Amino acid sequence: MILILVLLPACAAVSAYLIHSDRVRRVLLVSVSAAHAALVCWLWIDPAWFPPLGAWLAVDALGQVFLGITSLLFLAVSLSAVSFLKRESGTTRADPEEGFLFDNTPEALFTACLLGFLSTMTLVTTSQHFGLLWVAIEGTTLASAPLIHYHRHHRSLEATWKYLLVCSVGIAFALLGTYFLAASIPAGGLTSMTLSSLVANASRLDTRWLKAGFLLLLVGYGTKMGLAPMHTWLPDAHSEAPSVVSALLSGALLNCAFLAILRILSVTAAAGLGQFGRHTILVFGLVSMAVAAGLIIGQPDYKRMLAYSSVEHMGILAVGVGLGGLGDWAALFHAVNHSLIKASLFLLAGNILAVYGTKRIADVRGALRAVPVTAALWVAGFFAILGAPPFGAFASELAILRAAVESGSWAVVVVFSLLLAAVFAGMITVLVRTAQGAQSVERAPEPALSLVAPLSLLAASAALGIFIPGFLDRALWRAVMLLGV
Amino acid sequence: MTVWVEGFLVVLVLTNLWLLGSSRLLSCIAAVSVQGVLMGLLPLVIRIDAPLWRLLLQAGASLGLKGIIFPILLLRAVRSVDARREVEPLVGYSASLLIGVVLLVVSLYTGLRLPIPGGATPVLLVPAALFTALTGLFVIVGRRSAIVQALAYLAMENGIAAFGMALAEQEPLLVEMGTLLDAFVAVFVMGITIFHINREFDHIDSERLSSLKDTPQ
């Protein structure tokens with residue numbers, strides 16, 4: 001059954017590439033993502049139907065949480081993608097910002113890569129073997145690179161090249177780290193590279209190799225996750241990719257890399273190096289938050305601003321995990337919330353870009369008058385991502401603060417709150433400028449299909465802020481148990 | 001067999017210096033191609049206890065992909081984009097070679113002090129592997145031509161794969177094939193991107209890919 005989860009989108013990707021009719025292909029995209037989401041739903045209801053496949057593929061609580069987010073998000077994005085592709089299909093168009101002409105990537109290739117992206121991300125969440133995990137994460141880079149280059153012009157090309165090169169080098173570090181991890185296994189070779197056997201035999205691992213391997217893996221997968229100072233690809237890729245792709249990158253891909261870091265953390269913790277690992281992650285988290293805050297304030301481009309906000313939130317996740325205990329739970333819960341909200345914001349940014357034709361904050365005025373529904377959601381989304389109640393991010397950020405207070409790390413409490421406040425100030429001014437004022441474009445129609453996804457994602461996050469369903473809470477706590485201390 | 005192993009490793013070190021000192025694209029491709037052939041042959045001489053079919057499969061796949069197919073793909077990329085046949089260095093060739101020597105010393109120093117459990121690993125393997133990976137990393141940073149950066153990424157990958165050979169027993173075949181396939185797709189995707197870069201800009205100088213940045217308002 002797990003194999004079906006991985007192979008279904010992969011097969012659909014191949015057929016999407018071969019199908020000629022745009023209509024059929026779009027139906028295929030939505031139906032496959034709906035089928036994937038239905039299967040994942042089934043997995044949440046009764047995991048017994050999804051038995052481990054050997055020691056390599058299995059869905060544990062951590063994988064289940066991240067698979068759930070990925071699948072849900074992909075379903076939402078595929079709906080928006082249909083509306084996006086309808087809008088973008090056709091021949092050569094002019095760039096709204098610089099005026100030159102460019103083509104789009106053929107829709108067949110784009111859809112195939114989207115589905116391939118889903119398949120590789122599913123493999124990341126279900127993989128229990130560190131080698132396979134590496135292969136899957138590298139697969140996500142390769143499947144998503146053509147997606148970033150959807151608009152075939154020089155800016156997207158530059159973003160794609162940076163993405164490919166920076167992430168490939170990062171992932172090469174992760175491969176070296178994986179080999180270091182293998183080198184920490186004592187001679188005699190009883191232990192294999194699967195998560196369960198490494199955790200079970202953790203006390204026998206050579207700590208020198210394990211420490212070095214952990215650092216390499218953290219840097220390698222941290223590059224993919226967007227932790228500063230390895231985040232340089234992220235703002236370019238997020239701002240130049242079509243908004244549906246940015247939503248997936250930010251909401252699903254960054255989480256996959258975070259999951260990979262959690263996997264190695266659980267081995268490190270089982271070997272008794274938990275404190276070392278968590279402290280390192282904590283430092284990366286605070287640095288990421290600081291770098292993001294510095295670049296959000298005064299940022300002239302709203303998609304780049306959202307991208308830096310992702311860097312900030314990856315930092316928040318890292319801080320939560322760095323604190324441990326309640327922080328672990330809060331980080332996982334925050335990952336869920338961040339995905340829902342940020343994907344919704346990127347989709348809305350796509351709607352605004354389509355109407356205003358610019359990514360410059362200074363040129364977007366009076367959105368509440370020009371595109372009332374989009375702008376209303378945009379305002380709600382901004383408050384949600386800034387951690388205002390009643391949205392889920394409020395609860396998770398508060399829990400991280402509580403974890404910091406309980407552990408007595410007052411320095412973390414102070415720095416964390418100050419950085420959150422700085423980001424709040426930086427983003428709220430943008431919100432006021434874009435939403436209020438005299439509209440700078442004519443009132444534009446807002447197709448329902450482009451609003452369904454952001455609306456439902458935001459609603460889900462608001463619901464999570466008010467009430468956390470028992471099944472989700474239990475899954476999160478079971479996932480925390482896997483991380484160890 | 002030790003003689004062969006040491007010999008291959010010395011050649012591996014030399015290909016890195018070759019890559020560092022070359023001014024022409026074709027010469028760099030040749031260096032990395034020789035590296036690929038070495039990577040194919042190394043498992044045959046290092047690992048004598050694994051089943052023969054497995055060794056042959058691994059050697060054939062490595063040699064075929066890294067030694068023959070990658071270089072051909074990159075050669076075609078060079079021809080199709082009609083790129084300038086120079087590597088466009090940010091760091092000059094003699095400086096690169098000097099840095100290479102420093103990297104070699106560092107790799108020897110650390111590599112000889114990192115004992116691989118088991119003890120059956122050839123002495124030079126870890127230093128040579130580290131040196132190859134570091135050279136790749138340096139060339140990615142120190143050259144502007146996108147094709148050379150792709151080549152250097154391959155060299156980095158080779159170094160890491162050579163390191164992995166020391167641990168071959170723990171690594172199942174499927175993973176090795178997976179990493180190999182990934183490297184293949186990476187080069188393929190990079191090749192396509194290079195093609196687009198050239199068509200769009202009439203150059204493959206990654207230094208001039210610099211329009212995306214945070215400009216103050």
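These questions and answers go through a predicted model with chains A and B.

Visitor: What ipTM does the model score?

Guide: The model is predicted, so scores come with it. Its pTM is 0.92, and its ipTM is 0.86.

Visitor: Which element of chain B has the highest mean pLDDT?

Guide: Chain B averages a pLDDT of 80, and 84% of its residues score at least 70. Among its elements, helix H7 (residues 173-201) has the lowest mean, 72. The highest mean, 90, belongs to helix H5 (residues 125-142) of chain B.

Visitor: Which residue in S2(A) is the bridge partner of A:Ala94?

Guide: S1(A) pairs with strand S2 (residues 101-104) of chain A in the antiparallel sense, over two bridges. The bridge partner of A:Ala94 in S2(A) is A:Leu101.

Visitor: Why does the radius of gyration of chain A agree with that of a compact globule?

Guide: The C-alpha atoms of chain A fill a box of roughly 70 × 55 × 40 Å along the principal axes. For 485 residues, a compact globule would have a radius of gyration near 23 Å. Chain A agrees with this because its own value is 21 Å.

Visitor: What share of the residues counts as buried in chain A, and what share in chain B?

Guide: A residue is buried if 20 or more other C-beta atoms lie within 10 Å of its own. Of the 217 residues of chain B, 47% count as buried. Of the 485 residues of chain A, the share is 61%.

Visitor: Which residues does B:Leu151 touch?

Guide: Leaving out residues up to four places away in sequence, B:Leu151 touches B:Cys28, B:Ile29, B:Val32 and B:Leu74.

Visitor: Which helix supplies the largest share of the side of chain A that touches chain B?

Guide: The contact takes 38 residues from chain A and 39 residues from chain B. On the side of chain A, helix H5 (130-148) and helix H6 (154-183) each supply at least two residues. That side divides into 23 nonpolar, nine polar and six charged residues. Its largest share, 17 residues, comes from H6(A).

Visitor: Is A:Asp301 buried or exposed?

Guide: A:Asp301 is found in the loop between H10 and helix H11 (302-323) of chain A. Apart from neighbours within four places in sequence, A:Asp301 is in contact with A:Ser239, A:Lys359, A:Arg360 and A:Ile361. Because A:Asp301 has 20 C-beta neighbours inside 10 Å, it counts as buried.

Visitor: How far apart in space are B:Glu6 and B:Ala128?

Guide: B:Glu6 is found in helix H1 (residues 2-21) of chain B. With 16 C-beta neighbours inside 10 Å, B:Glu6 counts as partly exposed. B:Glu6 and B:Ala128 are 122 residues apart in sequence, while their C-alpha to C-alpha distance is 10.0 Å.

Visitor: Which residue does a cis peptide bond join to A:Pro390?

Guide: Most peptide bonds are trans. The bond from A:Ala228 to A:Pro229 is cis, with omega near 5 degrees, and A:Pro229 is found in the loop between helix H8 (207-225) and helix H9 (233-240) of chain A. A:Pro390 lies in the loop between helix H14 (372-385) and helix H15 (392-406) of chain A. A cis peptide bond with omega about 5 degrees joins A:Pro390 to A:Pro389.

How values were computed: Residues numbered from 1 in each chain as written. Chains lettered and ligands numbered in written order. Predicted model: local features only at pLDDT ≥ 70, side-chain atom pairs only at ≥ 80, totals over all residues. Pairing = 2+ DSSP bridges. Helix = DSSP H or I, 4+ residues; strand = E, 2+ residues; numbered from the N terminus. Contact = placed C-beta atoms within 7 Å. Nonpolar A, V, L, I, M, F, W, Y, C, P; charged D, E, K, R; others polar. Rg over C-alpha atoms; globule rule 2.2 N^0.38 Å. Buried ≥ 20, exposed ≤ 12 C-beta atoms within 10 Å, placed from the backbone. pLDDT = per-residue confidence, 0-100.
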